[in-house]
Amino acid sequence: MKRFLLLASFIILGTLAKSQSAEGFYNRGNAKMIKEDFSGAIVDYNEAIRLRSTFSMAYYNRANAKARMNDFQGALDDLNECLKQEPMFANGYYSRGLAKKALKDYSGAIAQIPSLKFYQNSPIV
């Protein structure tokens, strides 16, 4: 019985640790995005980034959540950080172009096209 309780404790603690990791918060944010809970997703992506500041996909997904809430400047800031970390991420350039278009920076939006064409075969896409 003691062995069972000890094993159960490790499983529960391992599950709690996973949910408190950057990946755990990222996954929760993704689940909230699917449910269109964009503000909740942003909270989880914030936590993922706080735990791992180099989590480029958390920046990218948080940018998408911000864009869905019409915070295009916030989205642009996150996309800039994502692309600083992953400069070959074609979807990042595409999304950055959309954010710039929403901010009426049409020349900035058009400037993303060469990067998008160059990195379209990026392994991260």
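Predicted model: local features only at pLDDT ≥ 70, side-chain atom pairs only at ≥ 80, totals over all residues.
Figure 1. The rings of Tyr 60 and Phe 89 form an edge-to-face aromatic pair, with 4.8 Å from centre to centre and 75° between the planes. This pair links distant parts of the chain, for Tyr 60 belongs to helix 4 whereas Phe 89 lies in the loop between helix 5 (72-85) and helix 6 (90-102), 29 residues apart.

**Figure 2. Tyr 26 and Phe 55, a tilted aromatic pair.** A search of the whole structure finds three aromatic pairs, and one of them joins Tyr 26 to Phe 55 in a tilted arrangement, with 4.8 Å between the ring centres and 35° between the planes. Tyr 26 lies in helix 2 (residues 22-34) and Phe 55 in the loop between helix 3 (38-51) and helix 4 (56-68), so this pair ties together parts of the chain that are 29 residues apart in sequence. Tyr 26 counts as buried because its relative accessibility is 14%, and Phe 55 counts as buried because its relative accessibility is 7%.

**Figure 3. The surroundings of Phe 55.** Ring pairs link Phe 55, Tyr 26 and Tyr 45 into a cluster. The ring of Phe 55 also has a charged neighbour, as the charged end of Arg 52 sits over this ring at 3.9 Å from its centre.

**Figure 4. The largest nonpolar core.** In soluble globular proteins, nonpolar side chains tend to be buried together. The largest nonpolar core of this model holds 24 residues, and those that touch the most other members are Tyr 26, Met 33, Ala 48, Phe 55 and Ala 58. Helix 2, helix 3, helix 4, helix 5 and helix 6 each supply at least two residues of this core, and helix 3 gives the most, with six residues. When residues up to four places away in sequence are not counted, Ala 48 touches Ala 22, Phe 25, Tyr 26, Phe 55 and Ala 58.

**Figure 5. Helix 5 and its buried residues.** Along helix 5, the residues Gly 74, Ala 75, Leu 76, Asp 78, Leu 79, Cys 82 and Leu 83 are buried, and what covers them includes helix 4 and helix 6.

**Figure 6. The setting of the close-up views.** The secondary structure of the protein comes to eight helices and zero strands. Of the 125 residues of the protein, 37% count as buried, while the protein exposes about 7,800 Å², of which carbon and sulfur atoms supply 60%. Among contacts between residues at least 6 apart in sequence, 46% join residues at least 24 apart.

Terms used. Residues numbered from 1 in each chain as written. Heavy atoms only, no water. Phe/Tyr/Trp six-rings, centres within 6.5 Å; stacked < 30°, edge-to-face > 60°. Helix = DSSP H or I, 4+ residues; strand = E, 2+ residues; numbered from the N terminus. Buried < 20%, exposed > 50% of the residue type's maximum accessible area, 1.4 Å probe, protein only. Lys NZ or Arg CZ within 6 Å of the ring centre and 35° of its normal. Core = buried A, V, L, I, M, F, W, Y, C linked by side-chain atoms within 4.5 Å. Contact = heavy atoms within 4.5 Å. Areas by Shrake-Rupley, 256 points an atom, 1.4 Å probe, with all protein chains shown as cover.
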